[in-house]
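Colleague: I'd like to learn how to read the features of a model like this one. Could you take me through it?

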Amino acid sequence: MTVASRIAIDGPAASGKSTIGKMVAECLGYLYFDTGVMYRAVTWASLERGIPISDEVAVTRLAQELHIDVTRPTVADRRQYTVLVDGVDVTWEIRRPEVDAAVSPVSAYPGVRAALTAQQRRIGAAGRVVMVGRDIGTVVMPDADLKVYLDAAVAERARRRYCEIIARGEPATYEDVLRGMEERDAIDSSRATAPLCAAPDAVVLDTTRLSIEGVVQVVMRLVNQAQEK
Ligand code: CDP
């Protein structure tokens, strides 16, 4: 039996997509690709170059021109991968609060999405990939062999993200993290182009009370049941 080759995992911030996606990809020996990195890279570069986030034309041009590379980790600092923007290592910079605050408006621009979606589709077409994001099952790989939508209560997602930030030694308050996450969820779910939502044929998993290992087990069972299309 051929198992699923193209796996789409979507869901809101801190629903477990990247942790689960990475572990499932490792179990299968597949490429793990986190599409959020690309939206974050464009946002980081806009801020870095002083391009106002409200300037849709300039931000879109940047998305079209920027060279974004995602490689195996090049530094042993618990990163999942290394992100290079025009050759500069921005792996941690793209996680900064300024990027968190500006990434959803940037991701709502149709031209930005078109530029990044085209690159993501090329990666997906090669198969043997676990791709995570907001619109993978709906827009980027609508014919994926398996679609999983991870969700969790916003208070639990904010707790997880707060713990991650504190573990990195950065300052944060739970309330700020919660507020920022609610704002991002609202923009991501209500935008006109490729809003965050579960594909009709996605398996929806609520991870609020599940352990990481528990979610990985469920997803691996689904992978083994899914046929390659
Ligand atoms: O890690 P976290 O879930 O907080 O965010 P992320 O996956 O890195 O995505 C950051 C932002 O990029 C999201 O809030 C979305 O606005 C946008 N995004 C998107 O629009 N489409 C995707 N496929 C992935 C991310």
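Modeller: Let's start with a term we'll need: contact means heavy atoms within 4.5 Å. Helices are DSSP runs of H or I with at least four residues, strands are E runs of at least two, and both are numbered from the N terminus. Buried means under 20% relative accessible area, exposed over 50%, and partly exposed in between, with a 1.4 Å probe and protein chains only.

Colleague: And what sort of model is it?

Modeller: This is a predicted model, where local features need pLDDT of at least 70 and side-chain atom pairs count only at pLDDT 80 or more, while totals for chains, interfaces and linings use all residues. Residues are numbered from 1 along each chain as its sequence is written, and side-chain values use heavy atoms, with hydrogens and water left out.

Colleague: Which residues of helix 3 are buried?

Modeller: In helix 3, those are Ala58, Val59, Thr60, Leu62 and Ala63. They pack against helix 2, helix 4 (97-107) and helix 5 (110-125).

Colleague: Let's take one of them. What does Thr60 touch?

Modeller: Leaving out residues up to four places away in sequence, Thr60 touches Tyr109, Gly111 and Val112. With a relative accessible area of 12%, Thr60 is buried.

Colleague: Now helix packing. How do I read a crossing?

Modeller: Axes are lines fitted to C-alpha atoms, for helices over the stretch in contact, and angles run from 0 to 180 degrees between N-to-C directions. Here helix 2 (residues 36-48) and helix 3 (residues 56-65) have axes that come within 10 Å and cross at roughly 120 degrees. Angles under 35 degrees count as roughly parallel, over 145 as roughly antiparallel, 65 to 115 as roughly perpendicular, and the rest as oblique. Helix 2 and helix 3 are therefore oblique to each other.

Colleague: Is the crossing of helix 2 and helix 3 left-handed or right-handed?

Modeller: A crossing is left-handed if the near helix is turned anticlockwise from the far one by less than a right angle, and right-handed if clockwise. The crossing of helix 2 and helix 3 is right-handed. Helix 2 brings Val42, Ala45 and Ser46 to the contact, and helix 3 brings Val59, Leu62 and Ala63. By class, that contact has five nonpolar residues, one polar and no charged. For the classes, Ala, Val, Leu, Ile, Met, Phe, Trp, Tyr, Cys and Pro count as nonpolar, Asp, Glu, Lys and Arg as charged, and the others, Gly among them, as polar.

Colleague: What is Ser46 in contact with?

Modeller: Setting aside neighbours within four places in sequence, Ser46 is in contact with Ile51, Ile53, Val59 and Leu62. Ser46 and Val59 are 13 residues apart in sequence and 6.5 Å apart in space, C-alpha to C-alpha. Ser46 is buried, at a relative accessible area of 0%.

Colleague: How about aromatic pairs?

Modeller: A pair of aromatic rings is described by the distance of the centres and the angle of the planes. Rings of Phe, Tyr and Trp (its six-membered ring) pair if their centres lie within 6.5 Å; planes under 30 degrees apart count as stacked, over 60 as edge-to-face and the rest as tilted. That rule gives two aromatic pairs. Tyr32 and Tyr81 have ring centres 6.2 Å apart and planes at 25 degrees, so this pair is stacked. Tyr32 sits in strand 2 (residues 31-34) and Tyr81 in the loop between strand 3 (68-71) and strand 4 (82-85), so the pair ties together parts 49 residues apart in sequence. Tyr32 counts as buried at 10% relative accessibility, and Tyr81 counts as buried at 8%.

Colleague: And the other pair?

Modeller: Tyr162 and Tyr174 are edge-to-face, 6.4 Å centre to centre with 85 degrees between the planes. Tyr162 lies in helix 7 (residues 154-167) and Tyr174 in helix 8 (residues 174-190), so the pair ties together parts that are twelve residues apart in sequence. Tyr162 is partly exposed at 26% relative accessibility, and Tyr174 is partly exposed at 25%.

Colleague: Last one: how do I read phi?

Modeller: Most residues other than glycine have a negative phi. Arg78 is not a glycine, yet has a positive phi of about 70 degrees. Arg78 is placed in the loop between strand 3 and strand 4, and is exposed at a relative accessible area of 78%. Asp86 also has a positive phi, about 45 degrees, without being a glycine.
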